[in-house]
Amino acid sequence: MKNHKKADAFGDNHIGTSVETPLRSNAFDKTDDEKIEAISFHYQKIMEELGLDLTDDSLSGTPYRVAKMYVKELFSGLDPKNKPKISIFDNKYDYNKMLIESDITFNSSCEHHFLPIIGKAHIGYISSGKVIGLSKMNRIVQYFGRRPQVQERMTMQIFNELKTALQTDDVIVVVEAEHLCVSTRGVNDKSSKTTTLEFGGQFGDTQIRNDFFKMI
Ligand SMILES: [Zn+2]
């Protein structure tokens with residue numbers, strides 16, 4: 001009972017514990033197919049505990065569908081093998097102003113309730129002489145979204161990945177999102193959204209940061 005109280009408090013306050021997604025050391029010992037088979041088995045048990053009759057044609061395939069959706073779609077970003085390959089190019093044009101990729105849509109899942117987080121990310125960077133393909137920024141956002149997440153952690157993970165890829169600290173990331181665990185349960189607020197940001201390097205300058213905010 002004490003553990004349940006702690007679980008409720010963690011979820012309701014949306015607390016995360018670290019920048020790295022907490023993973024078991026044996027997280028990828030099983031193949032995707034082995035995971036899908038195991039999760040199907042457990043999800044069937046959950047549905048049966050809820051009282052559902054799994055011999056019904058409409059329900060019988062649900063444990064498999066959920067398991068496949070978890071492993072291949074919603075949580076595929078847990079596995080490093082699915083990380084987007086990022087090619088770095090030299091900045092041939094000597095463009096040395098801010099580059100902004102805004103309104104990058106993503107879906108994620110709240111790790112406290114396994115309900116959707118639906119939002120947009122806005123990214124800015126100032127090239128150190130290296131650039132990446134524009135669509136890679138979308139792919140990085142989507143990759144980190146496909147995990148059980150806490151929005152603050154997702155923001156930091158995208159920021160750190162971009163800093164490494166672009167070889168600069170001059171990066172800013174803004175994430176704004178609706179959390180279905182806030183809008184469809186608990187406090188049931190249909191219109192609130194959560195905004196997080198992380199920045200480094202030249203974006204520490206208020207003027208440069210404001211230039212970015214004006215353009216997104
Ligand atoms: Zn939640």
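This report covers an annotated domain, a zinc site and one loop serine.

The model is predicted: local features need pLDDT of at least 70, side-chain atom pairs count only at pLDDT 80 or more, and totals for chains, interfaces and linings use all residues. Residues are numbered from 1 along each chain as its sequence is written, and side-chain values use heavy atoms, without hydrogens and water.

An unreviewed UniProt entry annotates residues 42-216 as "domain: GTP cyclohydrolase I"; such annotations may be inferred rather than shown by experiment. That stretch is 38% helix and 27% strand, with its end C-alpha atoms 44 Å apart. Helices (H or I, at least four residues) and strands (E, at least two) are DSSP runs, numbered from the N terminus.

Cys 110 (SG), His 113 (ND1) and Cys 181 (SG) are the protein donors of the zinc ion, at 2.1 to 2.3 Å. Donors are N, O and S atoms within 2.8 Å of the metal (3.2 Å for Na, K and Ca); water is not among the atoms, so sites may look incomplete. Their spacing is C-x2-H-x67-C. His 113 sits in the loop between β2 (98-110) and β3, Cys 181 in helix α7 (residues 180-183), 68 residues apart.

Ser 127 lies in the loop between β3 (116-126) and β4 (130-132). Its side chain makes a polar contact (N or O atoms within 3.5 Å, one able to donate a hydrogen and the other to accept it; residues adjacent in sequence count only if both atoms are side-chain atoms) with the side chain of Asn 91 at 3.3 Å. The Ser 127 side chain also reaches the backbone oxygen of Lys 130 at 2.9 Å.

Relative accessible area sets the classes: buried under 20%, exposed over 50%, partly exposed in between (1.4 Å probe, protein chains only).

| Residue | Relative accessibility | Class |
|---|---|---|
| Ser 127 | 15% | buried |
| His 113 | 25% | partly exposed |
| Cys 181 | 2% | buried |
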